[in-house]
Amino acid sequence: MVKAIIAPSMLSSDFANLASEAERMLNCGADWLHMDIMDGHFVPNLTLGAPIIESLRKHTKAYLDCHLMVTNPLDYVEPLGKAGASGFTFHVEASRDNWQELVQKIKSKGMKPGVSLKPGTPIEEVYPLLDGENSVELVLVMTVEPGFGGQKFMPEMMDKVRTLRKKYPSLDIEVDGGLGPSTIEAATSAGANCIVAGSSVFGAPDPAQVITLLRGSVEEAQKRS
């Protein structure tokens, strides 16, 4: 059975106090810290890169789950590997021609390779990246259009999660976008086990309570399945 993993999205944290925000999330029960790396090109927003990952790594041993919304993910493998990233999730839309080389490089730098897809991309596009011998180890199903935090959850994306879970029972399936107490049930009952949550965790009076609730939902859904 896949493990419940709760990954607060540091995009919603106070960037001026990133190290203390990371520590606060871990103390609240977070398993991973989700880092959104955007290049201002693949998506309009510009966020953080390898230098910030490197700075944060000096203050935490946490799993840094990096989601790359960038046009040329290959360019980021070496710098992020050196910076201390733990997971490297690239977009299928940006790597149709070179994903095999990309996965190999990510693994060679000691990072866990993952692939993400935008809401408009059919789930079938990630199958080759899961069925080959050099496969990714996580699929991130975007439940909002990538680029900005605080958007509304798209429940129609849960068909992708259901399809994936049926086909790959032991795969880490991550969801990101609009996840919180009111939407978690839809995601976990579809089969998601890695939950990225930004505003719903950082904006809560008691983030630990929200993290516990999200984890409980994953575990309850697994008992039912």
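The structure is a predicted model, in which local features need pLDDT of at least 70 and side-chain atom pairs count only at pLDDT 80 or more, while totals for chains, interfaces and linings use all residues. Residues are numbered from 1 along each chain as its sequence is written, and side-chain values use heavy atoms, with hydrogens and water left out.

Helix H2 spans residues 50-57 and helix H3 spans residues 74-83; helices (H or I, at least four residues) and strands (E, at least two) are DSSP runs, numbered from the N terminus. The axes of H2 and H3 come within 8 Å and cross at roughly 15°. Such axes are lines fitted to C-alpha atoms, for helices over the stretch in contact, with angles running from 0 to 180 degrees between N-to-C directions. H2 is therefore roughly parallel to H3, a label given to angles under 35 degrees. On the H2 side, the contact (heavy atoms within 4.5 Å) is made by Ala50, Ile53, Glu54 and Arg57, and on the H3 side by Pro79, Leu80 and Ala83. These residues divide into five nonpolar, no polar and two charged, where Ala, Val, Leu, Ile, Met, Phe, Trp, Tyr, Cys and Pro count as nonpolar, Asp, Glu, Lys and Arg as charged, and the others, Gly among them, as polar.

Helix H2 also holds serine 55. Serine 55 counts as partly exposed because its relative accessibility is 40%; buried means under 20% relative accessible area, exposed over 50%, and partly exposed in between (1.4 Å probe, protein chains only).

A polar atom of the serine 95 side chain lies 2.9 Å from the backbone oxygen of histidine 91. Leaving aside neighbours within four places in sequence, serine 95 is in contact with Phe90 and Leu102.

The last stop is leucine 140, in strand E6 (residues 138-142). With 0% relative accessibility, leucine 140 counts as buried. Beyond its neighbours within four places in sequence, leucine 140 is in contact with His34, His67, Thr89, Val115, Ser116, Leu117, Glu174, Val175 and Asp176. Lysine 109, 31 residues apart from leucine 140 along the chain, has its C-alpha atom 20 Å from that of leucine 140.

Technical notes. Parallel < 35°, antiparallel > 145°, perpendicular 65-115°, else oblique. Polar contact = N/O pair within 3.5 Å; in protein donor to acceptor, adjacent residues only side chain to side chain.
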